[in-house]
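Thanks, everyone. Let me put the structure up, and then we'll walk through it.

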Amino acid sequence: MIDKAIAFATKAHKGQLRKGTHLPYILHPMEVGMIVSRMTDDQEIIAAAVLHDTVEDCDGVSLELIQEEFGEKVARIVAAESEDKSKTWMERKAHTIDFLKQENLKDTKIVALGDKLSNIRSLYGDYKRIGEQIWQRFNMKDKEKQGWYYKGLCDALADLVEFPEYQEFCDLVNLVFENVIAE
């Protein structure tokens, strides 16, 4: 199932680049899959991690297609990770934080943590390299609002404290946003 998910995601993300870089986008879902595979050996959760951005970011990929190809559990997790792009950045991020605070299914939270850890690792590396100008690559250029979001994720994912990946995530958030006060 994981090999099938990798092939599917690679085809779906073909030609996409990671925001603000020249790196193929597929590197992000692959890293998320690797992070998640350190937290669980459940094939469906790992496959969902690799597929987590396909519905949101790829033409021709629907939740129905994910369910047909990978099953209900994978589709449910991918749906939980997919944002409604018709909403504003603040609405989407507030929804993500609220959803994760209320979510009782650990599999969904594990994939969310893998995704967010991959993002903050990339952000931290680039922040160290280019500093404050990093915010210019994002639609939301306000570091304070970005900090609110990431610090809110630390709180929303706190029930995953047993995983070293959670501590790494919060440590990196605190390094990038050390002077940002969460609301």
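Among contacts in the chain between residues at least 6 apart in sequence, what share joins residues at least 24 apart? It is 69%. Contact here means heavy atoms within 4.5 Å.

Some ground rules. This is a predicted model, where local features need pLDDT of at least 70, side-chain atom pairs count only at pLDDT 80 or more, and totals for chains, interfaces and linings use all residues. Residues are numbered from 1 along each chain as its sequence is written, and side-chain values use heavy atoms, with hydrogens and water left out.

Overall build next. The chain has 10 helices and zero strands. Both are DSSP runs numbered from the N terminus: helices are H or I with at least four residues, strands are E with at least two. The C-alpha trace spans about 45 × 35 × 30 Å along its principal axes. The radius of gyration is 16 Å, which agrees with the value near 16 Å for a compact globule of 183 residues. That radius is taken over C-alpha atoms, and the globule rule is 2.2 Å times the number of residues to the power 0.38.

Now burial. Of the 183 residues, 50% are buried. Buried means under 20% relative accessible area, exposed means over 50%, and partly exposed is in between, with a 1.4 Å probe and protein chains only. The chain exposes about 9400 Å², and carbon and sulfur atoms supply 51% of that. Accessible areas come from the Shrake-Rupley method with a 1.4 Å probe; for residues, only the protein chains shown count as cover.

Look at helix 3, residues 43-51. Seven of its nine residues are buried, so the rest of the structure largely encloses this helix. The buried set runs Ile 45, Ile 46, Ala 47, Ala 48, Ala 49, Val 50 and Leu 51. What do they pack against? Their partners are helix 1, helix 2, helix 4 (54-57), helix 5 (63-70), helix 6 (72-81) and helix 8 (106-130). Asp 42 caps the N-terminal end of helix 3, with a side-chain oxygen 2.8 Å from the backbone nitrogen of Glu 44.

Next, Arg 18. Where is it placed? Arg 18 is in the loop between helix 1 (2-12) and helix 2 (27-39). Arg 18 counts as buried, at 16% relative accessibility. Its side chain makes a polar contact with the side chain of Asn 119, at 3.1 Å. A polar contact is a pair of N or O atoms within 3.5 Å; within protein, one must be able to donate a hydrogen and the other to accept it, and residues adjacent in sequence count only if both atoms are side-chain atoms. Asn 119 lies in helix 8. Asn 119 is buried too, at 18%. Leaving out residues up to four places away in sequence, Asn 119 touches Arg 18, His 28 and Tyr 150.

Last, the rings. The whole structure holds nine aromatic pairs. One is Tyr 127 with Trp 135, tilted, 6.2 Å centre to centre and 50 degrees between the planes. Rings of Phe, Tyr and Trp (its six-membered ring) pair if their centres lie within 6.5 Å; planes under 30 degrees apart count as stacked, over 60 as edge-to-face and the rest as tilted. Tyr 127 is buried at 18%, and Trp 135 is buried at 2%. Ring pairs link a cluster that includes Trp 89, Tyr 127, Trp 135 and Tyr 149.
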